[in-house]
Amino acid sequence: MTTIETPQASPTTDAEKQALLSVRDLGVSFRTEGGEARAVDGVSFDLFPGEVLGIVGESGSGKSVTSLAIMRLIPDPPGKIVSGQIMYGGEDIVQKSYPDMRDVRGNKIAMIFQEPMTALNPVFTVGMQVMETILTHEKVSKSEARDRAVEMLEKVGIPEARKRLKDYPHQFSGGMRQRVMIALALVCHPNILIADEPTTALDVTTQAQILELMLDLKSQKEDSSIILITHDLAVVAETCQRVIVMYGGKIQEVGTVEQIFTDPKHPYTKGLLASLPSTSEAKQKRLYTIPGNVPALHEMPEGCKFCTRCSEVVDRCHSEEPPVHQLDSGQLVRCHLFEEEK
Ligand SMILES: Nc1ncnc2c1ncn2[C@@H]1O[C@H](COP(=O)(O)OP(=O)(O)OP(=O)(O)O)[C@@H](O)[C@H]1O
Ligand SMILES: [Mg+2]
């Protein structure tokens, strides 16, 4: 086992394989009344071509802020990327100008936002917005763009799509708005799709259809990859190859889906999994919940961010932030308990 400063986060994939996206030491801060709050701290990971990478963790762990940073959409002020690199196609996204980012967003990296209205402009019709995305990135005529828009809206399940092109976002229900946003994200076949809770506002049947549609992107563009952020661990188990577990703005564990679900190492990951409902009778007592709450950002402990709630806490956890340990299995885990394995 080795302790590493900047985890490569490629425990099982071919080390020679070139990452599509490499995030290194990403830090994002927000200016708040209580001072500067570090929402994302020292986050490093790779996204490989063709993979679906899950990010899980309780509310406030920094999942959305990480993905907004990749899109360069951190609201500034109060937020700022304060450290790190986000390498894509040999260039650092953090250093890109805003006009250059227009070229990246949409056809290279697209995002399905947790809040649909973040992506939709209330003063333009839905048709204009989907067509605009197509026309920005592809050389097609207006009528071709209109046909593509209709086809995409139909695919995501908007009834009477051609008629509804003329409607504004507020004329759609919450679930329909989410579908429109998914259409916007997929219409230019991005190389990387970041899906932040893509299906939370939808009913179960539609959820399954939308996930299917997202995965379909990969059959159209084999090397395209997906970052899937969700609270639904069943969805992760079904769709992802690797999983990142976040807590307190930091990556706590990284492993393959199999490793995370059958042999979780970090006490936090174990807690998350124990909270899963089980169908086996023996386990159908009361659902486990991790004790306590996620502390506010300015109240995060100095040492391990999880120490205030950890069942396996030892003294040094309160004062010393654990480094990331890479286990022989390839799993990455940020926890003092794994030091002895060295
Ligand atoms: N605009 C903002 N101003 C101040 N703090 C913010 C802002 N956006 C996010 N934060 C803080 O950053 C931290 C991480 O938030 P983030 O939205 O990334 O959490 P998350 O993991 O996506 O949670 P959820 O599962 O609820 O979506 C939180 O403590 C949040 O309060
Ligand atoms: Mg979020």
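Around ligand 1, β2 (21–32) and α1 (63–70) each supply at least two residues of the shell, and α1 gives the most, with 3 residues. Helices (H or I, at least four residues) and strands (E, at least two) are DSSP runs numbered from the N terminus. This is a predicted model, in which local features need pLDDT of at least 70 and side-chain atom pairs count only at pLDDT 80 or more, while totals for chains, interfaces and linings use all residues. Residues are numbered from 1 along each chain as its sequence is written, and chains are lettered from A and ligands numbered from 1 in the order in which they are written.

Of the 16 residues around ligand 1, those that come nearest are Ala 39, Ser 59, Lys 63, Ser 64 and Val 65; a residue is near if its C-beta atom, placed from the backbone, lies within 6 Å.

Now for a helix pair. Helix α4 (residues 126–137) and helix α5 (residues 142–155) pack at about 115°, their axes 9 Å apart; axes are lines fitted to C-alpha atoms over the stretch in contact, and angles run from 0 to 180 degrees between N-to-C directions. Here are the residue classes, with Ala, Val, Leu, Ile, Met, Phe, Trp, Tyr, Cys and Pro as nonpolar, Asp, Glu, Lys and Arg as charged, and the others, Gly among them, as polar.

| Site | Nonpolar | Polar | Charged |
|---|---|---|---|
| Ligand 1 shell | 6 residues | 9 residues | 1 residue |

Leu 153 of α5 meets α4, and its contacts beyond four places in sequence include Val 130, Ile 158 and Val 180 (C-beta atoms, placed from the backbone, within 7 Å).

Terms used:
Contact = placed C-beta atoms within 7 Å.
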